[in-house]
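Below are some notes for a colleague who has not seen this structure before. Please read them with the model open.

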Amino acid sequence: MAGPDSPTGPPPEGPWPRDPGLQPERTRLAWRRTTLACAVAASLAARQALHNGTGPVSLLCAALAALVWLGFLGVAGRRIRAVSAPRPPALSPRAAAAAAGCTLALAAFGAALAW
């Protein structure tokens with residue numbers, strides 16, 4: 001393997017080659033696991049809304065929780081596809097803010113349903 005001091009220069013992927021092994025798979029699994037957890041939270045919010053009566057606030061919170069879950073599903077799906085690339089880009093600040101915002105919104109809607 002050519003090093004930085006060799007006449008041919010460093011390898012094209014930089015000084016440290018990307019591990020094509022388990023790291024991308026672990027990242028994909030983590031995003032899928034988080035998406036599943038959000039789906040469970042959204043379905044529990046819907047169950048709570050239907051169990052405590054179908055008032056307009058309860059139905060609105062359940063519908064918004066489902067909408068937030070769909071938003072998180074979109075963010076996670078794009079990230080899962082991006083991680084499959086040979087050199088995936090870093091998670092953009094916008095995508096990170098969207099994922100965090102979806103998580104906080106889902107928690108807020110769940111808390112609103114508990115009152």
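This is a predicted model: local features need pLDDT of at least 70, side-chain atom pairs count only at pLDDT 80 or more; totals for chains, interfaces and linings use all residues.

1. At 35% relative accessibility, Leu73 counts as partly exposed, a class that lies between buried (under 20% relative accessible area) and exposed (over 50%), computed with a 1.4 Å probe and protein chains only. Leu73 sits in helix α2, which covers residues 56-83. Helices here are DSSP runs of H or I with at least four residues, strands are E runs of at least two, and both are numbered from the N terminus. In space, the C-alpha of Leu73 is 9.2 Å from that of Ala99, although 26 residues separate the two in sequence.

2. Residues are numbered from 1 along each chain as its sequence is written, and side-chain values use heavy atoms, with hydrogens and water left out.

3. On the overall make-up, the chain has three helices and zero strands, in the order α-α-α from the N terminus. Of its 115 residues, 26% are buried. The accessible surface is about 7800 Å², and carbon and sulfur atoms account for 69% of that surface; such areas come from the Shrake-Rupley method with a 1.4 Å probe, and for residues only the protein chains shown count as cover. Contact means heavy atoms within 4.5 Å. Among contacts between residues at least 6 apart in sequence, 68% join residues at least 24 apart.

4. Which residues form the nonpolar patch on the surface that includes Leu73? The members are Leu60, Leu64, Leu67, Leu70 and Leu73, with about 440 Å² of accessible area together. Patches are made of residues with over 30% relative accessible area and no salt bridge, with like charges joined within 9 Å and nonpolar side chains (Val, Leu, Ile, Met, Phe, Trp, Tyr) within 5 Å.

5. The interior deserves a separate point. In soluble globular proteins, nonpolar side chains tend to be buried together. The largest nonpolar core has 19 residues, of which Trp31, Val68, Phe72 and Leu106 touch the most other members. The elements giving two or more residues to this core are α1, α2 and α3 (93-114), and α2 provides the largest share, eight residues. A nonpolar core is a set of buried Ala, Val, Leu, Ile, Met, Phe, Trp, Tyr and Cys residues joined through side-chain atoms within 4.5 Å.

6. Val68, in helix α2, is buried, with a relative accessible area of 15%. Beyond its neighbours within four places in sequence, Val68 is in contact with Cys102, Ala105, Leu106 and Phe109. The C-alpha atoms of Val68 and Thr103 are separated by 8.2 Å, at 35 residues apart along the chain. With the same exclusion of neighbours within four places, Trp31 is in contact with Phe72, Val75, Ala76, Arg79, Ile80, Leu91 and Ala99.

7. How many salt bridges does a search of the whole structure find? The search finds one, where a salt bridge is a side-chain nitrogen of Lys or Arg within 4 Å of a carboxyl oxygen of Asp or Glu. Glu25 and Arg28 form a salt bridge, their closest N and O atoms being 2.7 Å apart. These two residues are about one helical turn from each other because they are three residues apart in helix α1. Glu25 is partly exposed at 31% relative accessibility, whereas Arg28 is buried at 16%. Helix α1 spans residues 22-51.

8. The structure holds zero disulfides, a disulfide being a pair of cysteine sulfur atoms within 2.5 Å. For Cys102, which is in no disulfide, the nearest cysteine sulfur is that of Cys38, 7.6 Å away. Cys102 is buried at 14% relative accessibility, and Cys61 is buried at 9%.

9. The C-alpha atoms of Ala90 and Arg79 are 9.5 Å apart, with the two residues eleven apart along the chain.
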